[in-house]
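Work through the exercises below with the structure in view. Each task is followed by its solution.

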Amino acid sequence: NRSSFQSISIRYNSNLKRINAYTFYNLTNLEELRLDRNEIEIIEAHSFVDLPQLLFIVLDSNRIRELFSFTFSDIKSLKEIQLETNEISLIHERSFVNLTNLTRLILMRNSLRSIDANFIQNSPLLTEFLIGGNGFSPLDRFLFSNDDKHLLIAGYNIDDLSELNRLIQESTETVRFIFNQIKVLYIGEMFLSVKFISIYSC
């Protein structure tokens, strides 16, 4: 009975190059899916569907070059996605959609030079977004807001936090700065509504 699996590990398989849509459909008890250290190049949209208990997806050390829209979508239980050490150079808009419990996304050591601001939507619990070891220039700008309360700012060449006044709304509650070059720290009236500020690797 395929619905009884709680963990699946497929690793070190040089013949595994593609994951088709609905490959893991109806694995209703699956909590962990490990597909690292294969030769995966393509993951079709909707490859991970009807996985209501899934917590972790590990896809490290493959040869993935591109993430299509809806590659990861509507997996409400999912907490962590690992995509470290691939060849990802393009992430399409809405690649990660409605992952409402996602807390950790790892994209380290890929070939990214920029990221579409809408690649992830409605993941208000995301606290760790790791993108080191890519080709980001200090002048590249990446900004996204999971909703009107949560703001993540990464890759800005910021001299003074006061420059971001236009981005902070009255409803903003959390602001996270990652991989920036902040030279002047200013926390003034624009942060009055903010309950949590995190400045990491700046």
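**Exercise 1.** Does R104 count as buried, partly exposed or exposed, and at what relative accessibility?

Solution. The model is predicted: local features need pLDDT of at least 70, side-chain atom pairs count only at pLDDT 80 or more, and totals for chains, interfaces and linings use all residues. Residues are numbered from 1 along each chain as its sequence is written, and side-chain values use heavy atoms, with hydrogens and water left out.
- Recall the classes: buried means under 20% relative accessible area, exposed over 50%, partly exposed in between (1.4 Å probe, protein chains only).
- R104 has 24% relative accessibility, so R104 counts as partly exposed.

**Exercise 2.** Find the salt-bridge partner of R104.

Solution. A salt bridge is a side-chain nitrogen of Lys or Arg within 4 Å of a carboxyl oxygen of Asp or Glu.
- The partner is E80, with the closest N and O atoms 3.2 Å apart.
- E80 sits in strand β8 (residues 80–82) and R104 in strand β11 (residues 104–106), so the bridge ties together parts 24 residues apart in sequence. Strands are DSSP runs (E, at least two residues), numbered from the N terminus.
- E80 is buried, at 12% relative accessible area.

**Exercise 3.** Trace the salt bridges of D36.

Solution.
- R11 meets D36 at 3.0 Å, N to O. R11 lies in the loop between β1 (7–9) and β2 (18–19), D36 in the loop between β3 (32–34) and β4 (42–43).
- R34 also bridges to D36, at 3.6 Å.
- D36 is buried, at 0%. R11 is partly exposed, at 33%.
- R11, E32, R34, D36 and R37 form a linked network of salt bridges.

Technical notes:
Helices (H or I, at least four residues) and strands (E, at least two) are DSSP runs, numbered from the N terminus.
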